Amino acid sequence: MKSSVYSTLDRRHFLRAVTACIALPALDVFADEKVKTVASHSNAAKEGPRNFVAIGAYLGWHQNAFYPKEIGFDYKLPPTLKPIESHRKDFTIFSGLDHRSGNGHNNWSNFLCGQMPGKYSFDQLVADHIGQSSRFASLQLTTGSGENRTGKGAMNFSKENIYLPMMRRPSVLYRQMFITKEDRIRTEYLLKSGKSALDHVVGEAKRLSGDLPASDRAKLEEYFHSLRSLEGRMARQLRTLDNPVKDPGYKLPENDPITPNLQMEASVIMYDLIAIALETGLTRVATLFLDGLGQVFTINGRPLSSGYHGLSHHGNDPAMIRDLILLETAHLECFASFLKVLKGKKGTKGKSLLDDTIILLGTGMGDASRHSNRDLPTLVAGGGFKHRGHHAVNKDSDKLLGDLYITIAQKLGMKVNSFSNSKRNMNEVLS
Amino acid sequence: MMKAATAIAALMLFVTVNAQGNPLSGSRIPEAPRAILENYCVDCHDENSPKADINLDVSSVKWSDRQNIKLWEKVLYNSEHGIMPPAKKDQPTREERKILAQWIDSELTKHIKIGGTSPRRLNQAEYLKTIRELVYMRDYQLPPGFPGDSETHGFDNIGEGLVMSPTHLASYLKVASEIADLLYPQPRKSVPSKIQKGEVKDFVLSFSASAIKDGKLRLASKARDIMRSCTWPQQHQAKVSGVYKITVDGSCFKPRDGDLPMILEVRARQVSASERSVISNFRFLKDLEFSSETRQSHSFETELYKGETLSFRWKNAEFDHNDLKATVKLMTEWFKRDKRWLAAWQQAVFPGGLKKRAQISTLRGLTGWIAINKALKDPKLDMSEATLDSAETKELLRILGTVGGGTHNLGDALCHYYFNHGPSLELHGYTIEGPSKLVDSDIDKQHQKIAKQIAGIEKGDLSNEEYARKMLERFLPRAFRRPVYKKTIEAYLAIATEHWQQGHTLNEGMHLLFRNILISPQLLYRSLRSGKLDDHDLGVRLSYFFTQGPPDGQLAGLANAGKLSNDKELKNQAMRLMPTRREHPLVRSFTGQWLDTRALKSIMPDPKFKFADREINIATAEVELFFLEMIKENRPIRDFIDPDFTYTAPYFADRIYKMEQLATWDERKKRSTRIQRFEIPRGSRYGGLLGQSAIMMTTANGVDTQPVLRGVWVLENILGMSPPEPPEDVPALTPDTRGTTTPREMLAAHTKKRSCSNCHRHIDPLGFVLENFDPVGRWREQWPGTGKEIDASGILPDGTKIRDVVDLKRWLIQNEKIFATNLAEKLMVYATGRDLNYVEEKEVQSIVKNNLAKGEGFRDLILDLIASETFQTK
């Protein structure tokens, strides 16, 4: 059905509209229907936070160093969380929650997917609701990745349960965010020539489709839908090309720190870029995957006794645990700088950007030493929540991590009442 | 015989089926079956309150409704297998059941057509191979994060499940652009020359390949594994291909006689290269000789290609992680020379004598060196075993001579000796200046050749339009895998000519054309024409089935000549494409998905199992070689379960499978990791699918075993049944690594709670019977930690009692049709890209029946499946 609307659209008219940078109603044809429903959601959520960031550690967080012994506000900071001590009013630690998913690295993506790894992930659900009107519906970033994560080993999954690529080169991300004049001319050329050529492809696909039975035509409708969506994306890019966000002049290193042992260096830059992307409205949703392989870190001038994965299988050896905690604390130091940067930036309605952003820091692996995916260490920061210190849940109770996700979604103004295996929120804990 | 299967299957029928459409518009149910339905079924399944939403109180059936087809398939199934009516109700006679079955079968056969694969998007592997062949780039890699495919019916090449998403199309467009950039590049722009200086802190440190001492970076090993020997600039890469001036500052640390000159080998590495690369993956640039203990500078000019940086290795170091023989020799002589050195190593590796050795993996690198060094400095160091012929020395040398011992752990520890005491080649820094001029990399030149090959002609004096037409005439039929109409060529040509009329360059026009062709649905999809496959589509189906790639010249030629649909020719071609190597896609991709061995790479077993990449590769190879042999030797299907041969490495046969025939082997031979064929007695607990390490690993999680997951796996992949999804609120069991309870105790609830036991009494025995295999498939007789004897016994759904995996195998052989049908159906689903319907299942079943009756083999089965109507219909 939609393709007929498309075919009646005058391409020249469309391009003119784009170059003139006026959002003519014609553009709506390309927008997903979701966007319209979303608009009303965000209106409803004027007072709430506008952004969502999720950070996931592939090898988990050592529970004993992540969970405080005490419950509530009056707790002593556990070792891993020391770096964020000064922000303690701005986050809540959750212990005992998980998605009741399978065990093992294979099921890691339960972190954002819920009980079924590889299915529509929470960040994408959020992006489909609140991300559609910004330049990037969502940003998927990674650090420390030696090889590419694919399949169920990935973190982000689209509505079609397809894993999404993660960017690991800060310079590539930056170039996409703040395009140079030279790149702009080339990109504009590619977009415009490419867009006009799409018409040809559409024509060809339609001729093909005409000879097929109805069920096959329905299948090919996915192709048309993707074409339209791509066209919409191109239109959005063209629009932003003519109206670029000012380059804040962030100083990137000469070369990307992409070797896995420079993970911390890379994370600091990625956090900075996320903060800039949120501040400039380039995106509302971002995720950062902290990959863990065999990389050996040097911390305080000392190479750790084993690689990251080796340390995670500490087998309760105190020396290995000590090194593992050092390493995880280094991750939290990067995270602390992120919180600080967000606090210093302005959000909407006079709030800080931190209050305007819900941050979920967690993992899909509860105890890497045992490959157990129960009891996932989780922390929620910012978002204007009334934070609660340490909230402990009996891991055998019927409370699910998905309950917390629903609370996050609702705080973001989304009308969402279920996620994966969860069908209720946790607003009584966090609001 | 089929009882077990059906009893289990009965549990799976939880699907609710909608009531039928308007009965008036369908065909009437004849008197006899109608009476049977009225007598036995409609009491529960009536119009007003249809149980399970199934209404059988109808006088006619509209067969064009797919829901009705499904409904009556179910009725037939449940009646044939005695599932319905329920036991406590009146039962139809055998004769009555037969009448009902005959009527349903004839209607279903009449109304269900063979075929119905949805347009099938190329999956990631198929797309990659297709692109590689199309543009003659054998090594082309998809951009990072290229989207994957979801699995449907267990495979990632099913039309219905291969979703096209905006992410996919954007990625296809990206690939198209990337390739067009390579083939039809923009004119090069000049780049200003730059100087980049690196200091000691700017080198990459990986494992124990290098260390910083006294403000210098020291190297120790010449291993071919770059992560054990090499260093490279952390933050440099050539932005363009060009000539660069390289300066390296180095010196020799404590060289001995004969160590000079020390040779520093400089190679060019792709910045994006894996840490697991070996040195030969990198392009050799230059050997630099250092002979002085003070800082010395060497400069040279070289070409660096875009995306490359430098890599440094001490080429003539005495130590080489990868040369285990040399390591043993080196250490033997060293121990002979220096008894204290020997005693210190013994102290580190055997702190409590031979019986209480340290875990070798914890001695890796610095930790190991600290232990050795501490012993060296200990005035009370025990020297009593420090002779060359002591048992400790022999064991120590043995460990040093093993993969892991010498190549990783103790080898890395030894490196630290060199870092501290020399000899070592030291680096102080580097300078990279350039580019002084731009060059075409070898790759650029290669691409110019490819552009010519694609068009079949050089541009020369041809007009843009003539050139593009030649290219299209040659390229489009290859891209779309069938001849194309002239008007299609003209339509594409128009895209380029319009572009040129607007003043764009030749390459820009060609670039645009390419971007278009590579996202055409005719390239991205197959199964686009209904009905029986024509010659071209048959070639495509055959080719992707065997190779995951487009038809080669021979197939395309036969299709063009209309000869491929000839049965004999098709069989010839199938024989030609049959796997001969384990890397063959039908072997690798099919087994990887059917048996889930694909997942092995992401399991990351606990280090205590000592299963690293090498072991996982052996495990995968075992399955692949076994499957390959089944085809090559045309073995009977039952040999998948209980063969008289197996493929494994002695190291595995001994440690994992504990095969008796290795008992008499000498220790050295037992350690071999070379995979070979073993003849084994039938009826063994090892051999066959249900005993291979890979399969036991993929059904566990790397830390402990989970009988339920294994049970479900056997149901799905060996017996061919799909158990229902587990209830949502039940968590996975947390591994009890302390081992206070046995898995049987943990799962006791399954048999107690009725809601669980309904399914689990069928699932769990199939999992428990495999409990003798630990999470990596090692044979064990006790549950870890508890010290309790493993109880693997159980009762199969047909009442057969089994004690162990040998009994299960025997049962599977007695019921070989179950497994054979499952395998044949899986192959057919994989080949056709669709779930099989009633009629297609019937065809496959008759092929299997024929195969078993005639005593034919696995290759015959594949050929018969290809010859079937099911295979040859869209």
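The contact between the two chains, in which two residues are counted as touching if their C-beta atoms, placed from the backbone, lie within 7 Å, takes 60 residues from chain B and 65 residues from chain A. The structure described here is a predicted model, in which local features need pLDDT of at least 70 and side-chain atom pairs count only at pLDDT 80 or more, whereas totals for chains, interfaces and linings use all residues. Residues are numbered from 1 along each chain as its sequence is written, and chains are lettered from A and ligands numbered from 1 in the order in which they are written.

On the side of chain B that touches chain A, the elements giving two or more residues are α6 (166–183), α10 (366–377), α15 (486–501), α16 (506–517) and α17 (521–524) of chain B; here and below, helices (H or I, at least four residues) and strands (E, at least two) are DSSP runs, numbered from the N terminus. The most is given by α6(B), with 7 residues. When this side of chain B is divided by class, it has 29 nonpolar, 25 polar and 6 charged residues, where Ala, Val, Leu, Ile, Met, Phe, Trp, Tyr, Cys and Pro count as nonpolar, Asp, Glu, Lys and Arg as charged, and the others, Gly among them, as polar.

Helix α10(B), one of the elements on that side, also meets another helix of chain B, α12 (residues 405–421), the two axes coming within 7 Å and crossing at roughly 60°. Axes are lines fitted to C-alpha atoms, for helices over the stretch in contact, and angles run from 0 to 180 degrees between N-to-C directions. The crossing of α10(B) and α12(B) is right-handed, a crossing being left-handed if the near helix is turned anticlockwise from the far one by less than a right angle, and right-handed if clockwise. From α10(B), the residues L366(B), G368(B), W369(B) and I372(B) take part, and they meet N409(B), L410(B), A413(B), H416(B) and Y417(B) in α12(B). By class, the residues of this contact divide into 6 nonpolar, 3 polar and no charged.

Chain B is assigned four domains, namely domain 1 (3–111), domain 2 (194–318 + 426–438), domain 3 (327–413) and domain 4 (585–814), with bounds that come from an automatic or database domain assignment. The C-alpha centres of domain 2 and domain 3 of chain B lie 31 Å apart.

Chain B also holds an open sheet of 3 strands in the order β9-β8-β11, with antiparallel pairing, two strands being taken as paired if DSSP finds at least two bridges between them. Its edge strands, each of which pairs on one side only, are β9 (283–290) and β11 (308–314) of chain B, and neighbouring strands of the sheet are turned by 25° against each other on average, direction ignored. Strand β8 (residues 262–270) of chain B pairs with β11(B) in the antiparallel sense over 7 bridges, and the bridge partner of R267(B) in β11(B) is S311(B).

Most residues other than glycine have a negative phi, and most peptide bonds are trans. D596(B), although not a glycine, has a positive phi of about 60°; it lies in the loop between α21 (585–594) and α22 (613–632) of chain B. S420(A), likewise not a glycine, has a positive phi of about 50° and is placed in the segment after α13 (401–411) of chain A.

A residue is called buried if 20 or more other C-beta atoms lie within 10 Å of its own, exposed if 12 or fewer, and partly exposed in between, with C-beta atoms placed from the backbone. S420(A) is buried because 25 other C-beta atoms lie within 10 Å, whereas D596(B), with 19 other C-beta atoms within 10 Å, is partly exposed.

The secondary structure of chain A comes to 13 helices and 9 strands, and of the 431 residues of this chain 53% count as buried. Strand β8 (residues 378–382) of chain A is mostly covered, with 5 of its 5 residues buried. This strand pairs in the antiparallel sense over 4 bridges with β2 (residues 91–95) of chain A, where T92(A) stands opposite V380(A). Strand β7 (residues 357–362) of chain A likewise pairs with β8(A) in the antiparallel sense over 4 bridges, and here I358(A) stands opposite G382(A).
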